[in-house]
Structures are given as C-alpha cells and as structure tokens.
Amino acid sequence: MSKQVSLSRYLVEQQRVDGLIPAQLRLLIEVVARACKRISHSVNKGELGDVMGSAGSENVQGEVQKKLDIIANEVLIEANEWGGHLAAMASEEMDSIYLVPNRYPQGEYLLMFDPLDGSSNIDVNVSIGTIFSVLKKPDGHPGVTEQDFLQPGSQQVAAGYCVYGPQTTLVLTVGDGVAMFTLDREQGSFVLTQENVKIPADTKEFAINMSNMRHWDTPVKRYIDECLAGKEGPRGKDFNMRWIASMVADVHRIMTRGGIFMYPWDKREPNKPGKLRLLYEANPMGWLIEQAGGAATNGRERILDVQPTQLHERVSVVLGSKNEVERVTQYHLEGTST
Ligand code: AHG
Ligand code: MN
Ligand code: MN
C-alpha cells in the first residue's frame, strides 16, 4: 500500500525533521485547516444548509456580506481563539482586529484571513475559497495593536489558501516551497497530493476583468493589447483568457499550469490603489506564488516589500508566471505607451 501523508504528518515532519516550524505554528496551521474543513462542509450543503444569499449587512469596506462570508468568519474565529497559539486575528469581514479573549492563553502569532474569497460566486456554484496569512507578533510590548499587523509580506511565517471547488484543496507554504493537500472526505483529513509546486516561467494564459479595460492605465492596456494581437502581434503567439472572479480559483489554476493574474489600479477611483486587500489577499498569494517560482508585484514593486499603513489597505496585483509578471512590471517602470 502506498504511503499517504496527511497534513498532520507533513507538519510534524516539517517540525521535527527539518526544524522549520515551531509547535505553536504547527497547531495554528492544523486549526486553520480544520476550520477550512468545516467551511467546505457548509459550502457543499448549499441551499440545503441555509448558507446561500445575502446576510443583509455590509463590511467595513462597504461590500454586501453574504451569509457564507459571515459563517466562514465565525468558524475561523471560533476554531482559533482558544488554542493558545494566537495573540490576535484580522479579517476582511471585521472592522478592527480581534484580540484573543483574556480567558484563553495568548500565543505569539497573528492570523489574517479572507474567510470567503469569491463571494459573488457562492450562489452560482462556482469555486470559492479561504485565504490566510500568519505573522509573528512583534516583541517588546504587552498586548496587541493594529500596528503590529502592519508588517510587510516578507515577514510572513506561513500562508495558504483553501479552494472549495470540485475538490477541496489546501495549498500551503511555510517558506520551504509550496505543498498541496486534497481533502479526503471519507477519512476527514487533508492528504498531501503535491510537493514542490512549480509555476512555469512562461505562459499563454492571462486573467483580468476585461470589462474594466477602458479604465486601465497605459502599461496594462499595452500588455493586454499585445496578448490579444496573438501570433501576428509583437508576442508572436496566441493567448487564452480565463477570469473566474474568485482570486483563489484563478491563483490555483496558475499554481497548477501557470498564467498571469492581474487586478490593477484603474481610473474609476484614482485614489484607490486597487481592489484586492494587501494583508489577507495579496501578501499570502504573493508569497505562495514566489515560493512556487513565480513573481508578484503591484506593477512597480514586489508586493512583499510594500509597507502596509492600514489594516484593510488595497493594492494593485500582478502575479503568476515570472517572465510575464516581469514584462508587465517593466512596462510600468518604462511608463511607456504603445
Ligand atoms: P471577495 O469575495 O473576498 O470580496 O474577493 C473578490 C475579489 C477576488 O476574489 C476576485 O478576483 C475579484 O474580487 C473579482 O472581481 P470582479 O467582481 O471585478 O470580477
Ligand atoms: Mn477576497
Ligand atoms: Mn472575502
């Protein structure tokens, strides 16, 4: 019988053999994975589980909350608050940081998450997911403040996402490459299905919301125009397009077969740096992509080097196959037009 490696075993080996992760971080990842299993069950129930539709409320970012946004947020908090591994959490669905209640022991980590990514796809039975990022609480002062969360993505100690699609797949990095785990529903555990995930440096597939084309900045327009020109254009090859509108699902495709994903700044709201959030969307995805050999920038600089100034800060995102991301970044730096 071939050896199956569960997430628990993988983490124990990372801890014991490779000395890569401390026990508290291992516990944290296991707890997040357990929460994702619960969310996956809710997602699967659909109409039968009273999880569809709007919750009739808005989050701090002015977005309508779906029932599942709130359920997933609650599941993650409830699973994580009592284990002693965390000092505080922050989420897309909470205005401010959530301190671990005094009745529980305090740990040394900070957890950030997008509990349910791709909310517009919940009701149409298309892949959605959970994204998370882990930082260490800075030393030197008791308690936790919002400031403690404002660390660049390069400081992350773990990051991952779980995609709820035809399969439920957890994708994880602790800084030693990217591993994928598929949920075995009979066993109720995540099983290692791919290690050392590598994204090809070149691609013929791009993902961007084309309906925003008229609002784009010149470098983005130039890049996409060149892709659309196909074999006869400057790139000399035909490109394909995909847009799932769940970042987790688009990133998962890129993890699997390469590609480039962009949600750039555009002229609709010039003061808004982008749509996606730095701390719990762009940073974890950026690190995962880099760990798989890809690249992630905001068009000009590496996403992981961006110094956050706000908990719910937004950022432009260009990530995926290295050579394509470098090309788009180069177009921005040149500031050229076609
Ligand atoms: P969320 O559901 O957490 O608010 O995130 C949705 C994000 C991202 O997942 C996706 O890539 C993008 O919004 C889709 O945007 P459009 O609606 O412009 O397609
Ligand atoms: Mn999201
Ligand atoms: Mn979300």
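Ala88 has Leu110 of strand E5 as its bridge partner. That contact belongs to a parallel pairing, with five bridges between strand E3 (residues 86–91) and E5. Keep in mind that this is a predicted model. E5 also pairs with strand E6 (residues 128–136), this time antiparallel and through seven bridges. There, Asp117 sits opposite Gly129 of E6. How many residues of E5 are buried? Nine of the nine (residues 109–117), so the strand is largely enclosed by the rest of the structure.

Now for the nonpolar cores. The largest has 46 residues, and Leu111 and Phe181 are the ones that touch the most other members. Helix H2 (residues 23–45) gives this core its largest share, 10 residues. There's also a second, separate core of 42 residues, with Ile131, Val163, Met247 and Ala292 among them.

Phe181 is worth a look. Leaving out residues up to four places away in sequence, its contacts include Leu7, Tyr10, Leu170, Phe190 and Leu192. Two of those names, Leu7 and Tyr10, turn up again in helix H1 (residues 7–16), where they are buried along with Leu11 and Gln14. These four cover an arc of only 95° around the axis, which puts them on the same side of H1. As a rule, an α-helix has 3.6 residues a turn, so residues three or four places apart point the same way. What do the buried residues of H1 pack against? The answer is H2 plus strands E8 (168–173), E9 (178–184) and E10 (189–194).

On to the aromatics: the structure holds three aromatic pairs. Here are two of them.

| Pair | Centre to centre | Angle between planes | Type |
|---|---|---|---|
| Tyr10 and Phe181 | 5.1 Å | 75° | edge-to-face |
| Trp243 and Phe261 | 5.5 Å | 15° | stacked |

Tyr10 in helix H1 and Phe181 in strand E9 are 171 residues apart, so to speak distant parts of the chain linked by one pair. Both Tyr10 and Phe181 are buried.

In the other pair, Trp243 lies in the loop between strand E12 (240–241) and helix H5 (247–257), while Phe261 is in strand E13 (residues 260–263), so the pair ties together parts 18 residues apart in sequence. Trp243 counts as partly exposed, at 25% relative accessibility, whereas Phe261 is buried with a relative accessible area of 2%. Together with Tyr263, Trp243 and Phe261 form one aromatic cluster.

Finally, the annotation: an unreviewed UniProt entry places the feature "domain: Fructose-1-6-bisphosphatase class 1 C-terminal" at residues 199–332. Over that stretch the chain is 35% helix and 15% strand, with the end C-alpha atoms 23 Å apart.

How values were computed
Residues are numbered from 1 along each chain as its sequence is written. Chains are lettered from A and ligands numbered from 1 in the order in which they are written. This is a predicted model: local features need pLDDT of at least 70, side-chain atom pairs count only at pLDDT 80 or more; totals for chains, interfaces and linings use all residues. Side-chain values use heavy atoms; hydrogens and water are left out. UniProt positions are given in the numbering used here, feature names are shortened, and annotations may be inferred rather than shown by experiment. Helices (H or I, at least four residues) and strands (E, at least two) are DSSP runs, numbered from the N terminus. Buried means under 20% relative accessible area, exposed over 50%, partly exposed in between (1.4 Å probe, protein chains only). Two strands pair if DSSP finds at least two bridges between them. A nonpolar core is a set of buried Ala, Val, Leu, Ile, Met, Phe, Trp, Tyr and Cys residues joined through side-chain atoms within 4.5 Å. Contact means heavy atoms within 4.5 Å. The arc is that of the directions from the helix axis to the C-beta atoms. Rings of Phe, Tyr and Trp (its six-membered ring) pair if their centres lie within 6.5 Å; planes under 30 degrees apart count as stacked, over 60 as edge-to-face and the rest as tilted.
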